[in-house]
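Thanks for asking me to look this over with you. Here are my notes, written as numbered points to read beside the model.

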Amino acid sequence: MSTPSLPALPIRRLTLRDLTDCADLSEDRGWPREEHKWGLLLTAGKGYGIDAPDGGLVTACVVTEYGTPGRPDLGAIGMVLVAKRYARQGIGRRLMRHVVAEMGLTPLTLHATPYGRPLYEELGFKVTGRAEMVLGHFVLRGPEPQVATRPAGAEDLAGIIRLDTEVFGLDRTHMVTRLPAFSDQLRVVEENGRITGYAAAWPNMDTHVVGPLIARDTETAKALVTSLAACTDRLRTDIDVRHQELLSWVKECGLESVGFNDVMTYGISELPGDWTRRFAPLSVAAG
């Protein structure tokens with residue numbers, strides 16, 4: 001039996017059963033396996049991929065939908081990967097075209113590496129922002145932040161969802177409600193009985209990723225990062241470059257810049273919500 005040509009290989013929906021193959025694909029491209037993150041994305045979002053004739057996956061990506069269930073107002077595309085042996089053969093373009101068509105009139109967003117940006121621009125995505133990835137051992141320099149934080153409890157979930165929806169601009173309850181199990185730490189800032197900031201730190205290989213990071217102001221964001229860092233060895237986060245004060249501060253505390261991603265959108269000119277209180281995404285793959 002002859003091996004099907006790449007254009008003839010069908011695109012299918014991925015499930016949690018594909019987690020190992022997705023992690024293998026990440027590793028094949030020199031990325032961390034990130035099985036913990038893949039598990040979240042494959043259960044909370046929609047995975048798409050193509051099976052390789054010789055086993056594993058040719059390509060994969062995940063779309064996380066936000067807004068009204070069944071009628072999403074935004075789709076975040078992430079983890080777009082093509083196996084090395086199938087690179088530069090148009091397969092990533094084919095997968096992305098399929099996803100864009102599947103999402104119909106739903107606006108889309110993604111974080112693009114410099115390598116991936118030309119493809120997304122070809123498909124009609126526009127750069128609307130930028131995030132800087134910082135990584136390292138956090139050591140507080142200077143005085144302790146004056147804003148008090150505390151661990152989140154079950155009774156805080158409604159307040160966290162209210163704040164998140166207000167700042168993100170769309171309902172993402174299906175992601176926020178997974179944070180207590182997905183993250184190792186979930187902390188909040190409360191004032192007069194209302195949650196004014198929250199942040200999670202979730203495990204990713206040899207680091208903890210800080211995200212989401214939502215806060216009333218920069219001082220609140222600093223307090224949340226400091227409190228999360230007290231219980232982990234290494235931090236990573238992706239901070240909106242418009243928050244230069246926070247970026248400068250985390251670098252003073254030992255985190256180093258390791259790269260930039262362009263925030264791109266399709267079908268909308270800018271992301272909804274309040275960027276002044278949205279300091280870092282849950283993950284660049286999920287927005």
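1. Six elements each supply at least two residues to the lining of the largest pocket: strand E4 (71-82), helix H3 (91-103), strand E5 (108-112), helix H4 (117-122), strand E6 (126-136) and strand E12 (256-266). Helices (H or I, at least four residues) and strands (E, at least two) are DSSP runs, numbered from the N terminus. The largest share, 6 residues, comes from E4.

2. Before going on, please note that this is a predicted model, where local features need pLDDT of at least 70, side-chain atom pairs count only at pLDDT 80 or more, and totals for chains, interfaces and linings use all residues. Residues are numbered from 1 along each chain as its sequence is written, and side-chain values use heavy atoms, with hydrogens and water left out.

3. The largest pocket holds about 1,100 Å³ of space. A pocket here is an open set of points on a 1 Å grid over the protein atoms alone, where a 1.4 Å probe fits, with protein on both sides within 12 Å along at least five of seven lines; lining residues have an atom within 4 Å of a point. There are 41 lining residues, and Trp31, Val80, Leu81, Thr113 and Tyr115 are the closest to the centre.

4. The second largest pocket has a volume of about 490 Å³. Among its 31 lining residues, those closest to the centre are Asp240, Arg242, Val263, Leu271 and Arg278. E4, E5, E6, strand E11 (235-240) and strand E13 (278-280) give two or more residues each, and E6 gives the most, with 4.

5. After H1 comes Gly30, with a positive phi near 85 degrees.

6. Leaving aside neighbours within four places in sequence, Asn204 is in contact (heavy atoms within 4.5 Å) with Glu34, Val209 and Arg236.

Technical notes. Points joined across faces, edges and corners; volume = space filled by probe spheres on them.
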